[in-house]
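The entries below follow the order in which I looked things up.

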Amino acid sequence: MGRWAFAKGHGTENDFVILVDRDGANPVTAEQVRWICNRRAGIGGDGILRAVRGRHIPEWDGDPEIWFMDYRNADGSIAEMCGNGIRVFVRYLVDEGLTEGPLVPVGTRAGLRETEVLSDGRIRVAMGPARVLSEQVRVSTADQQAFDAVGVDVGNPHAVSFCADPDGLDLRSAPTWEPAAVFPHGVNAEFVAERGPHRLAMRVFERGSGETRSCGTGTVAAAAAWHARHGVVATPDLAAHTTPVRYQVDVPGGSVEVELGEQAYLTGPAVIVARGELSPPT
Ligand SMILES: N[C@@H](CCC[C@H](N)C(=O)O)C(=O)O
């Protein structure tokens with residue numbers, strides 16, 4: 001693996017190790033990802049953001065010059081999209097002069113995502129439509145609490161459960177869901193309570209990472225699911241809305257803003273906390 005420059009950052013304490021590999025010369029293996037994300041033997045992180053030009057990603061057929069966010073969960077698995085990670089990714093690229101802001105398009109496995117660095121330092125991401133699924137899903141936590149969940153596709157899969165007290169749930173191990181076939185590639189499980197008008201509280205157990213302090217795509221899924229079930233407009237077809245609906249979603253690591261409309265927008269902080277060099281074990 002050699003020595004690699006890295007940076008560490010977080011968005012509402014969902015934390016990531018950033019690796020720049022402009023020419024696609026250093027693809028990371030699942031084993032390397034697990035080592036880097038290990039909080040005792042490595043740098044530690046919920047995932048890895050590898051910055052690579054689009055031309056080096058076989059499944060990307062858009063602009064070959066675009067910065068592509070090659071996202072990996074801490075267990076080495078690949079995910080289509082990461083809402084907190086993309087803000088950290090953009091913050092880093094702009095800070096390092098690797099791209100010019102304030103408008104930064106990013107390639108992801110969920111498609112092109114347009115982002116904007118705001119004057120207050122937060123980053124706003126056009127997340128694509130949040131698609132509320134019609135299938136019934138039942139989610140159970142390790143402490144045997146079961147919920148009727150709402151499936152939401154934000155480019156990656158989510159199952160959103162509403163409960164009175166997300167803080168009281170045992171999320172030390174992965175929740176299960178039925179029927180298994182609804183999410184054949186796994187799911188991110190959100191547990192959500194209302195905190196006030198257009199304000200939600202959320203905890204999350206992420207596919208491939210475990211419980212995290214925040215999940216950006218999860219907050220969009222939570223707002224879309226809540227709005228579909230409790231919002232003023234009866235239809236879950238958010239694409240039919242012309243005026244955006246805004247939610248604040250509080251997570252253990254902070255707060256983000258979600259706008260729902262023809263497409264969803266996610267706005268939140270992104271912080272780079274360290275830069276250094278990785279020395280992998282021999
Ligand atoms: N933390 C992310 C989501 C990362 C990917 C997720 N664990 C998955 O496997 O889909 C976010 O902020 O959206």
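**Backbone entries**

I began in the loop between β11 (176-178) and β12 (188-196), where Pro179 is found; helices (H or I, at least four residues) and strands (E, at least two) are DSSP runs, numbered from the N terminus. The peptide bond from Glu178 to Pro179 is cis, with omega near -10 degrees.

Before going on, I noted that this is a predicted model, in which local features need pLDDT of at least 70 and side-chain atom pairs count only at pLDDT 80 or more, while totals for chains, interfaces and linings use all residues. Residues are numbered from 1 along each chain as its sequence is written.

I then looked up Pro102, whose place is in the loop between α2 and β5 (103-108), and found that the peptide bond from Gly101 to Pro102 is cis, with omega near 0 degrees. Just after α2, Gly97 takes a positive phi of about 70 degrees.

Glu13 counts as partly exposed because 16 other C-beta atoms lie within 10 Å; the scale calls a residue buried if 20 or more other C-beta atoms lie within 10 Å of its own, exposed if 12 or fewer, and partly exposed in between, with C-beta atoms placed from the backbone. His198, in the loop between β12 and β13, has a positive phi near 55 degrees.

**Domains**

The domain assignment gives domain 1 (4-127 + 269-278) and domain 2 (131-262), with bounds that come from an automatic or database domain assignment. Their C-alpha centres lie 23 Å apart, and the contact takes 20 residues from domain 1 and 19 residues from domain 2; two residues are in contact if their C-beta atoms, placed from the backbone, lie within 7 Å.

**Ligand shell**

Which residues are closest to the ligand? Of the 19 residues that surround the ligand, the closest are Ala79, Asn84, Asn156, Gly216 and Thr217, where near means a C-beta atom, placed from the backbone, within 6 Å. Both domain 1 and domain 2 give residues to this shell, so it lies between them. I also recorded that α2 (83-95) and α3 (216-230) each supply at least two residues of the shell.

I checked Ala222 by itself: not counting residues up to four places away in sequence, Ala222 touches Val160, Glu190, Val192, Leu200, Met202 and Val249.

How many residues of α3 are buried? I counted 13 of its 15, and α3 is mostly covered. For α2, 11 of the 13 residues are buried, so α2 is largely enclosed by the rest of the structure; Asn84 and Phe89 are among the buried residues of α2.
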